[in-house]
Every structure is written in C-alpha cells, then in structure tokens.
Amino acid sequence: MASRNGRRSVLRMRTVAGQVFLLQVAIVVLLVATCIVALVLQSHADSEGEAVSRSLAVAETFAHSPGIDAALKSDDPSAILQPTTEAARQDADVDFLVVVAPDGTRYTHPVPGLVGKKFTGNIQPVLKGETLTRRFNSGIGPLVAVAVPVRDDDGTVIGVVSAGVTLDRVSGAANDQFPLIFGAAGGILLLTTGGAALVSKRLRRQTHGLGPEEMTRMYEHHDAVLHSVREGVLIVGGDGRLLLANDEARRLLNLPVTVEGRPVTELGLEPETTELLASGRVASDEIHRVSDRLLVVNQSPTDRDGGPPGSVATFRDTTDLQALSGRADVAQGRLKLLYEAGAEIGTKLDVVRTCEELVEFSVERFADYATVDLVETVLRGEEPTSTGAVSDMQRIASGGLGHGTDHFPLDSVIRYLPTTRLGAGLSKGEAVLEPVLSAFNGWEQQSPERARALVEAGFHSMIAVPLRARGAILGVAIFWRSERPEAYDEEDRSLAEELVARAAVSVDNARRYSREHTMAVTLQRSLLPRGLPEQHAIDVAYRYRPAQAGLGGLGGVGGDWFDVIPLPGARVALVVGDVVGHGLHAAATMGRLRTAVHNFSTLDLPPDELLWHLDELVTRIDQDEAEGGVEAGVTGATCLYAIYDPASGRCTMARAGHLQPVVLQPDGTAVIADVPGGPPLGLGGLPFETLELELPENSTLVLYTDGLVEDRRRDIDVGLAMLCDTLSGHPERTAEETCEAVLAALLPDPQRDDIALLVGRTKVFNTSEVADWEVRSDPSAVAEVRAAVAHKLDEWGLEDEAFTTELILSELVTNAIRYAVGPIRVRLIRERALICEVSDRSSTSPHLRQAASTDEGGRGLFLVAQFADRWGTRYTSDGKVIWTEQPLPPE
C-alpha cells in the first residue's frame with residue numbers, strides 16, 4: 001500500500017477519489033454540452049416565435065389602419081396601397097407586406113411586377129374571418145407569413161393583408177449572443193472542474209487515499225461484522241449450493257461449521273425451509289418452524305441489476321415475539337367480541353328480547369349454555385333497588401347445548417340464597433367464577449340435586465355475572481361450559497363482566513322505555529272509548545291498533561280516535577279523527593278534541609256546524625299554546641262526523657281534512673261516499689259542507705284513519721282500492737266480521753301509524769214503531785193530536801204513559817201553534833225510550849223559566865221538563881224540532 005502521508009497523482013487515477021473526479025468532470029462536460037444544445041434550440045424557437053409575432057402585428061396593424069377599407073373599395077386599389085404598403089414594410093422591418101383581393105389578386109407586392117398576379121397560397125380560411133400562419137422555405141430563406149382579414153364596417157371580409165419575415169432577419173440578435181454563451185459555458189466548465197477537483201481532494205482525504213487493497217480489507221471487516229449480527233444470513237448460488245452462512249444462521253438452523261458449498265437440499269432443514277431456499281423465490285415475512293423456534297424468513301434474488309445468480313435469505317427468531325403477539329390477538333379478539341355485542345344486543349327496546357339476544361350471542365361465541373334471570377319488578381317496568389339481588393327473580397331467557405336438562409326452566413321464579421357463593425356475590429354486585437363445578441365448592445347449595453345432575457350432564461365450568469345499571473341489581477346472567485373443554489378463567493370472567501355490563505344498559509333502557517310506553521298507552525286507552533254506548537240505531541264494531549313500538553313516536557302512541565255518540569230522536573253520531581304525529585302530546589290532544597266533540601254533540605248541531613265550532617276551538621288552543629311558548633299545537637287534526645237517523649234512514653256527514661268513508665250497500669257494492677272536503681282543523685276561515693245519503697237497512701258504513709290505507713310501500717289510492725275490494729261482495733258480514741276482514745287484508749307490516757276503524761251496519765225502524773202526524777195551525781187541533789197519541793199508545797201497550805205523553809204534547813203543540821209559522825208535525829218513536837218530537841218552521845227556541853204566582857202563562861215548558869226524562873231543541877235547515885224522552889217501563 002502506498003504511503004498515506006504522500007500525495008497520489010490525480011492522473012494515475014488508482015484511488016476511489018480519482019475515479020470520482022473523472023466521473024464528475026464527465027458529468028459536468030455532458031451537462032454543459034446539453035445546456036448549449038438546449039440554448040441553440042431555444043434560440044431557434046424564439047426566432048420563429050418572434051417572426052410570427054412580428055408578422056402578425058404588422059398584418060393586423062395595416063389591416064386595421066384608417067383608409068384601407070376605402071382604398072380597397074376604390075377603382076384602383078393598387079395605386080393607393082402600393083406606396084403605403086412599401087413604406088409600412090420598410091418601417092416594420094419585414095420582408096413583404098401584400099394586400100390581396102378576395103379573389104386572390106395581389107393589389108401590392110415588394111416586386112412591382114407581381115402586382116395583379118394571383119396570390120400563391122390558400123386564403124379561403126382568411127376570407128372566413130380566420131388568421132392564417134404559414135412556415136415555408138422561400139427563395140430568400142426560411143420564412144414565416146401571417147395573413148389576416150380586412151373587414152368592412154358591417155364585418156364583411158373585403159380583402160386580405162399578408163406580412164412575412166425571414167428567420168434570418170429576426171435571429172440575428174440571438175446569433176450575436178452565441179459567443180457570449182460559449183464563453184460562459186467555458187467558464188462554467190472550468191469552474192465546475194475546479195469544484196470537482198476540490199470535492200475529489202476532500203473525498204481522498206476522507207478515505208485516506210484507499211486503493212483496491214484497502215477496499216478488500218474493508219470488505220473483510222464487513223464480512224466479520226456480517227457474522228456478528230443477530231440475524232441469520234444465507235447466500236445461495238444459482239446452482240443451489242450454499243455460498244455463505246453467518247454465525248447466527250448456523251445457530252438458528254443448527255448447521256455444521258463446514259457447510260459452504262453443499263446443496264441446500266442436503267442441509268437437513270425442515271422440508272418447508274428447504275423448498276424455499278432451493279426455489280429461490282421471493283419471500284416476505286414467512287413464518288417457519290425450526291425445532292422449537294419460530295423464524296421469520298425473507299428471501300430475495302441477487303441477480304437484480306446485473307448481479308450474480310442466486311438468492312439471499314435472512315432469518316429472525318420471533319419465538320418470544322410470537323407469544324406476545326398471540327396474547328395481543330386474544331385481546332383484540334375479545335375487543336371485537338365486545339364490539340359485536342354492542343351491535344347485536346339491545347336491538348329492540350324490549351326487556352325480554354334483549355335478554356334473549358344476550359343468550360344467543362354468548363352461546364355462539366362464549367358459552368355452551370346461558371341463562372338470564374331478572375328481578376320481577378324490572379319486568380313490570382318499575383325502578384329496581386340496590387337490594388335486587390335478594391329478591392325473587394324470574395328466568396327470562398335460556399338456550400344453548402344441553403337445553404332441557406336440569407337447569408331451572410323458563411318463567412320459573414328463583415331466589416338465590418345469600419348464604420351461597422352465588423347469592424353473596426350477587427348481593428355485592430360481583431361476578432362469581434366456578435372453574436371446576438365437580439369440586440362442589442358451595443355453588444351446589446342453591447339446589448343440590450340439580451347441581452349433581454348438571455355435572456353428570458357434562459357441565460364443568462360456570463360464570464355468574466349480575467346485571468347492574470345505575471347501582472341497582474337488575475338480574476343475573478349465568479354462562480356454562482360443557483362441550484368446550486377449556487375451563488373459565490379470570491380473563492373470561494373479565495370478558496363476561498364487560499359483556500353483561502353492556503347488556504345491562506340495554507336492559508335498563510328497555511325497562512325505562514317499557515314503563516314510559518305503558519304510561520303513554522294507559523293514558524291513550526283512558527282517552528279512547530272503553531265500550532259502546534247503548535243505542536238501537538246501528539250495529540257498531542270498532543278496532544284500534546297502535547303503531548308498533550319504535551316505529552312511531554313513543555311506542556306507537558298516537559292521536560287517532562273514534563266515538564259512537566247517541567243523539568236525541570234515536571239517532572247516533574259516528575266520529576273518527578286523527579291528530580297528526582305521535583307521542584304523549586298527540587294522545588293528550590286527541591283526548592281534548594274527543595271531549596270537545598262530545599260537548600258540541602249535546603247541542604245537537606248539524607255536522608257542518610259542529611266541525612266549524614271544533615275548528616274555532618282548535619284555533620284558540622293553538623293561539624293559547626303559542627302564547628304560552630308551547631312549540632307543538634293541534635294544527636293538523638282531521639275529523640269525520642256523521643249522524644244517522646234510523647227512523648228515516650238518512651245519514652248526514654261532513655269532514656275536516658279526513659278521508660272519505662266507504663258505504664257497502666245491501667247488494668254488495670262498495671262505494672266511496674263523496675263527502676265534500678274541508679280543511680283540517682285549526683286552519684280556520686273556510687266553511688264545511690255536508691252530504692246527505694239515504695242508507696237502506698243493512699247498509700254498512702266504514703269510517704277509518706289514514707294508517708289503514710296509507711303506507712310507505714303503498715300509495716293511498718292503492719289502499720282505498722284494496723279496502724273497496726275487501727268490502728265488495730260481502731253484504732252479509734256483521735260489523736265484527738267486517739272489521740276482521742278489513743284488518744286482515746290491509747293491516748301493514750310493520751305498522752308505522754296507529755289505526756282507528758269504525759264499522760256500522762244500519763237499521764231502519766219498522767213503521768209500526770214510528771207514528772207521524774201533521775197538525776193544523778188551529779188550537780182545536782190539539783185535542784185531535786191528544787186523541788191520536790192516546791190511541792197509538794194503546795196499540796203499543798203503553799197506556800200508563802198516555803197521560804204524561806198527552807200533557808207533554810199538548811204543551812209543545814200549543815206553543816208551536818201560538819208562536820211558530822208554517823206546517824207543524826208531531827212524531828212519536830218507540831225505541832229504548834218513548835220519544836216525542838214537535839217540528840215547525842220557526843227558528844225561535846223556547847226557554848225554560850220560573851213563572852211567578854201571578855203569571856197567567858210560562859209554565860208549559862216547566863211542566864214538560866218535570867214530566868220528561870230529557871228534552872231539548874235541535875235546528876234543521878227549515879226550522880227546529882223540540883224533543884222529549886220518557887223512560888219506558890221494563891218489559
């Protein structure tokens with residue numbers, strides 16, 4: 001080796017630094033040459049661009065110059081334009097400037113002899129208004145020409161101006177710069193060469209002037225390091241023989257010392273490892289078992305980038321890391337199990353279903369058999385107490401392998417003894433682990449016979465975890481193993497506690513929801529009719545179906561309602577309404593509206609007037625709630641009100657935004673009654689109209705809310721058609737049978753809205769039960785009426801009621817003759833009561849008053865009120881009716 005103190009000649013180039021210097025100089029020369037070539041090409045491109053820009057500027061300037069359009073339109077354009085274009089060409093320093101007529105004739109040209117000749121080239125695009133650029137070789141060298149249109153005032157092209165310049169004319173300035181460019185390049189070359197020399201000098205100083213021998217020694221040092229690393233390295237040649245094995249590879253693979261040169265198939269390795277080394281294929285982080293070690297193997301070929309054929313493989317011992325990774329995988333698996341539990345347990349707000357989901361989930365992933373017991377107060381929706389562990393529990397859910405064995409059956413009541421381990425743990429809210437049931441460490445004291453039977457059936461391990469929520473014990477979940485051979489351990493107990501804790505929250509939420517749902521349903525049920533009133537006008541049946549829990553408001557509680565209201569004169573009112581929305585507010589609003597309808601019906605108002613009063617009431621309620629800061633009003637309620645008179649068979653109906661009823665006629669034809677539409681309640685300002693129908697006996701009137709015929713998957717028109725189809729052809733059905741048939745055909749699944757259905761089958765009184773007389777407007781007619789009434793009561797067997805009835809009718813008829821106008825009629829109806837009606841054409845209503853002792857009159861209505869059970873007045877379209885009711889003696 002040469003002396004390290006002496007300097008080596010750069011020209012000898014035997015050192016690494018010298019070779020680097022030559023490489024740097026070569027690179028610099030190449031870069032400088034590349035830059036010069038690029039500058040020359042850029043200069044050429046700039047010259048061509050400059051030629052285009054100059055030609056275009058000259059052509060456009062001349063084409064838009066003043067007077068050119070006038071010159072083109074003159075008799076001799078050449079005489080005017082030739083001198084001008086030549087002057088402009090010389091000033092602009094271009095080689096030619098030519099004006100051409102639209103037919104291609106030259107008006108000007110630098111060579112006067114070419115004036116009047118045809119322009120060489122295609123000018124059609126220019127005549128269409130485009131700018132034409134051409135590059136071509138001419139007699140004076142490479143040339144760039146630009147042609148632009150000359151337009152008249154109206155935009156018409158009347159000529160073409162073409163200007164051109166040779167590249168030599170515009171590249172002169174650039175060519176003058178070439179000496180400077182080459183001089184600068186030479187300076188840069190000298191400067192970079194000097195810099196490369198300095199870098200080479202520094203590199204030589206840092207490498208201490210190492211030559212090939214020194215580099216060989218350096219390789220030997222690296223080889224020594226290779227054998228000391230803690231990762232095995234094997235290098236296999238292209239012929240499948242081992243070229244190199246470091247010390248770590250020999251240790252990990254149990255290789256002998258003299259192993260280089262032998263085929264890898266003769267190294268005595270595992271078949272999987274031998275196959276990998278012999279194939280030379282690429283491998284990334286493959287796990288291979290060698291003896292009791294787990295090795296991570298990576299292999300890649302060595303012939304990349306021109307290297308020698310073969311492959312290099314590295315081995316890393318990961319036995320300890322694999323054990324840690326296994327524990328991490330177990331932890332990750334348990335986290336995944338808890339995540340899945342959160343998604344699969346508590347999908348419904350139902351206590352029993354939540355417990356069943358806990359059993360189903362744990363049996364699939366954690367236990368062979370599972371049971372859940374709940375405190376009985378929790379099942380009723382009541383608040384649990386912290387002492388729930390010592391309360392009676394009911395088995396709510398169970399399942400898994402061994403079902404039907406000696407476990408406590410479903411619905412059985414269990415009280416866990418506080419003297420046992422299980423009972424004591426529940427009292428403290430702690431999980432109880434019994435890894436070996438056959439040891440009988442006290443868990444069997446709850447039921448010794450069952451315990452022995454369970455052990456004989458193969459159950460060998462158990463975990464009991466209390467369900468706790470907000471500090472209270474809701475119940476207990478017990479997990480059993482029989483088929484899985486592994487016994488439960490402490491980690492399993494922790495997992496079970498996490499699993500049950502999540503389920504307990506869902507159970508408590510379902511309990512609280514059940515309580516609120518029960519309260520809301522109780523409120524709603526209390527606001528709906530609990531039964532049908534006694535009346536003989538119509539056979540009525542009804543159905544109410546709340547929306548399914550979780551699909552509408554608070555457990556489906558809504559604002560649909562119905563009612564059957566007996567009216568004077570043996571008539572009956574049928575009512576169906578709907579408050580938009582769900583929840584307690586809708587139910588409370590429904591109760592207010594139903595009460596209002598009852599109150600208004602006592603006034604015996606026609607349907608349209610009743611809805612008008614109800615609309616005013618809703619408007620006032622909305623205003624009061626808005627002033628009180630209540631966000632939700634009543635607006636959006638609908639109502640259908642119908643009055644049926646069995647004596648005449650007439651039905652009068654009006655609706656406020658509600659769906660029209662369906663009438664099933666006795667011949668089996670179902671039609672939608674065309675009741676005039678009115679706005680929903682609360683909008684105010686618009687009147688309501690009525691529809692009056694003659695309903696033969698045994699006609700069926702069907703009233704309903706929109707939840708029956710409308711659904712997200714079914715249009716309302718389709719629902720109405722289905723309702724009519726269900727009713728058609730079955731006039732023989734009773735009201736109850738009609739309700740069942742309609743619900744069976746139209747009840748949606750799932751039911752997202754509550755449904756009210758009211759079905760009435762009409763009756764018409766027999767003529768023998770009704771008596772009707774027209775009374776002359778003469779006081780003497782009163783005696784005639786009394787005689788006719790007495791005779792009719794004799795026919796009906798009501799002789800005992802004759803005196804009272806004659807007295808009542810005498811007073812009513814006398815008042816009508818005295819104060820009313822128009823015809824007077826008397827009607828007597830025998831129904832559940834004896835009904836007397838006196839009608840006239842006057843709208844003046846009589847008033848009951850207390851007559852003084854000196855008054856000669858004013859006692860008639862007082863007597864009527866004393867003898868009649870009920871009395872009142874109702875108004876008709878042409879007058880009024882005064883009616884009374886007398887109780888009939890029991891048959």
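Q: What makes helix H22 and helix H23 roughly antiparallel?
A: Helix H22 (residues 781–796) and helix H23 (residues 802–819) pack at an angle of about 150°, and their axes lie 9 Å apart. Angles run from 0 to 180 degrees between N-to-C directions, and axes are lines fitted to C-alpha atoms over the stretch in contact. Under 35 degrees counts as roughly parallel, over 145 as roughly antiparallel, 65 to 115 as roughly perpendicular and the rest as oblique. H22 is therefore roughly antiparallel to H23. The helices are DSSP runs (H or I, at least four residues), numbered from the N terminus.

Q: On what kind of model does this rest?
A: The model is predicted: local features need pLDDT of at least 70 and side-chain atom pairs count only at pLDDT 80 or more, while totals for chains, interfaces and linings use all residues. Residues are numbered from 1 along each chain as its sequence is written, and side-chain values use heavy atoms, with hydrogens and water left out.

Q: Which residues of H22 and H23 meet?
A: Contact means heavy atoms within 4.5 Å. Val782, Arg786, Val789, Ala790 and Leu793 in H22 meet residues of H23 including Ala802, Thr805, Leu809 and Ile817. By class, this contact of H22 with H23 has 8 nonpolar, 3 polar and 2 charged residues. Nonpolar covers Ala, Val, Leu, Ile, Met, Phe, Trp, Tyr, Cys and Pro; charged covers Asp, Glu, Lys and Arg; the others, Gly among them, are polar.

Q: Why are H16 and H17 called roughly parallel?
A: The angle between H16 and helix H17 (residues 584–601) is about 15°, with axes 9 Å apart. That makes H16 roughly parallel to H17. Among the residues that meet are Leu523 and Leu527 in H16 and Leu584 and Ala587 in H17.

Q: How do you know that H12 and H16 are roughly antiparallel?
A: Helix H12 (residues 351–365) and helix H16 (residues 490–527) pack at an angle of about 160°, with their axes 8 Å apart. The two are therefore roughly antiparallel to each other.

Q: What is called the largest pocket, and how many residues line it?
A: On a 1 Å grid over the protein atoms alone, a pocket is an open set of points where a 1.4 Å probe fits, with protein on both sides within 12 Å along at least five of seven lines; lining residues have an atom within 4 Å of a point. The largest pocket has 30 lining residues, with Arg874, Thr876, Ser877, Asp878 and Val881 nearest its centre. Its lining divides into 8 nonpolar, 6 polar and 16 charged residues.
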